[in-house]
Amino acid sequence: MKPAPFRYHAPESLENAVALLAEHGDEAKPLAGGQSLVPMLSLRLASFEHLVDLNGVASLSSIARTNGSLRIGAMVRQATAEHSPEVAGAVPLLSRALPLIGHFQIRNRGTIGGSIAHGDPASELPAVALALRATVEAEGPSGTRRIASEDFFVSTWETALRDGEILAAVEFPVWSGTCGFAIEEVARRHGDFALVGVACGVEVNGPSVVRAGIAMFGVGPTAIRVAAAEHALIAGGTGADLTEIGRIAANDLTPPDDVHASSAYRKQVAAVVVRRALSRAIAEATK
Ligand SMILES: Cc1cc2nc3c(=O)[nH]c(=O)nc-3n(C[C@H](O)[C@H](O)[C@H](O)COP(=O)(O)OP(=O)(O)OC[C@H]3O[C@@H](n4cnc5c(N)ncnc54)[C@H](O)[C@@H]3O)c2cc1C
């Protein structure tokens with residue numbers, strides 16, 4: 001099937017892109033890598049009279065280390081970030097999550113900002129953002145807004161971006177202590193969206209866990225931070241019973257039942273992937 005007809009706009013500055021969205025309101029949609037939007041248009045699950053292509057906005061494609069964070073422009077390709085030594089050094093969890101997204105052809109076009117703005121509950125990057133406490137920078141008609149990732153993912157494919165706002169960048173805090181990170185997921189085939197997944201980071205000081213971030217994906221309407229499990233890990237330290245922490249994480253979830261997996265299956269697998277991921281993250285931090 002082909003998409004419904006639309007007018008194509010190719011602004012070369014963020015200011016012009018914001019102005020085009022403001023001019024066309026509900027009838028306009030930003031286009032990034034097109035790996036989610038184009039299939040939706042082609043299947044006629046969505047249609048817009050105007051597409052505002054962000055690919056010509058050069059200012060959205062930079063990666064910069066500032067004030068303890070790595071700021072990644074929205075249009076940085078997933079493949080570029082995946083192969084960036086700067087990203088690997090500053091935000092290892094992101095580097096490890098990126099190869100799990102689809103196939104390399106998808107990552108060659110798909111963008112960091114597109115994945116976060118799309119807010120698919122089974123996507124890896126929203127969970128990485130939540131686990132690390134990233135901040136989203138949005139640019140709109142009334143200026144720049146900074147949104148904590150905790151407040152950003154509202155529901156399936158729904159975020160805190162307001163009408164006319166463009167996600168300009170994501171700031172990932174650089175966890176600079178003695179840290180370990182891991183991402184684990186279960187998918188039917190390599191490259192499929194995860195049925196269940198978890199992204200986690202731990203910072204240790206001797207036997208103490210001084211910081212923990214654990215976020216699940218594929219198990220609810222959005223990526224979900226499992227705060228009770230984080231607290232239990234901090235209370236238990238590096239010797240904590242990880243099976244029990246997996247159980248605590250799963251208890252917080254009401255996963256969907258669908259054609260791919262039952263809710264009960266997802267819940268059971270959630271506990272297992274949390275245990276596995278935490279075990280690897282703690283081993284890395286304490287080696
Ligand atoms: C076969 C296949 C397998 C896939 N597997 C996975 C997977 O395992 N894990 C995973 O996470 N993803 C997967 N994806 C999706 C892929 O990661 C997409 O690249 C991503 O979800 C969207 O990024 P994009 O740059 O392509 O955005 P687009 O498709 O261009 O846009 C997606 C949505 O976000 C909005 N948007 C994009 N950028 C901005 C911005 N800067 N500001 C405001 N709104 C914006 C668009 O308007 C649109 O609504 C898969 C895709 C395919 C086709």
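Colleague: Which helices do the buried residues of helix 11 pack against?

Modeller: They pack against helix 10 and helix 12 (263-286). Packing here is contact, meaning heavy atoms within 4.5 Å. Helices (H or I, at least four residues) and strands (E, at least two) are DSSP runs, numbered from the N terminus. Keep in mind that this is a predicted model: local features need pLDDT of at least 70, side-chain atom pairs count only at pLDDT 80 or more, and totals for chains, interfaces and linings use all residues. Residues are numbered from 1 along each chain as its sequence is written, and side-chain values use heavy atoms, with hydrogens and water left out.

Colleague: Which residues of helix 11 are buried?

Modeller: L242, I245, G246, A249 and A250. Buried means under 20% relative accessible area, exposed over 50%, partly exposed in between (1.4 Å probe, protein chains only).

Colleague: And where do they sit around the helix axis?

Modeller: Seen down the axis of helix 11, the buried residues fall within an arc of 140 degrees, so they line one face of the helix. The arc is taken from the directions from the helix axis to the C-beta atoms. An α-helix has 3.6 residues a turn, so residues three or four places apart point the same way.

Colleague: At what angle do helix 10 and helix 11 cross?

Modeller: Helix 10 (residues 227-236) and helix 11 (residues 242-251) cross at roughly 160 degrees, with axes that come within 8 Å. That makes helix 10 roughly antiparallel to helix 11. Axes are lines fitted to C-alpha atoms, for helices over the stretch in contact, and angles run from 0 to 180 degrees between N-to-C directions. Under 35 degrees counts as roughly parallel, over 145 as roughly antiparallel, 65 to 115 as roughly perpendicular, and the rest as oblique.

Colleague: Which residues meet there?

Modeller: From helix 10, A228, A229, A232 and L233; from helix 11, L242, I245, I248 and A249. By class, that contact of helix 10 with helix 11 has 8 nonpolar, no polar and no charged residues. Ala, Val, Leu, Ile, Met, Phe, Trp, Tyr, Cys and Pro count as nonpolar, Asp, Glu, Lys and Arg as charged, and the others, Gly among them, as polar.

Colleague: What about helix 11 and helix 12, at what angle do they cross?

Modeller: Roughly 135 degrees, and again the axes come within 8 Å. That makes helix 11 oblique to helix 12. The contact of helix 11 with helix 12 divides into 9 nonpolar, 4 polar and 3 charged residues.

Colleague: Changing topic. Is G113 buried or exposed?

Modeller: G113 counts as buried, at 5% relative accessibility. G113 is in helix 7 (residues 112-118). Leaving aside neighbours within four places in sequence, G113 is in contact with A74 and L167.

Colleague: And E82, what does it touch?

Modeller: L98, P99 and R107, not counting residues up to four places away in sequence. E82 lies in helix 3 (residues 78-82). At 16% relative accessibility, E82 counts as buried.

Colleague: Last one. Where is N67?

Modeller: In the loop between strand 4 (63-66) and strand 5 (69-73). N67 counts as exposed, at 80% relative accessibility. Its phi is near 40 degrees, a positive value in a residue other than glycine. Most residues other than glycine have a negative phi.

Colleague: What is the phi of R133?

Modeller: About 65 degrees, positive although R133 is not a glycine. R133 is in the loop between helix 8 (124-132) and strand 6 (135-140). With a relative accessible area of 32%, R133 is partly exposed.
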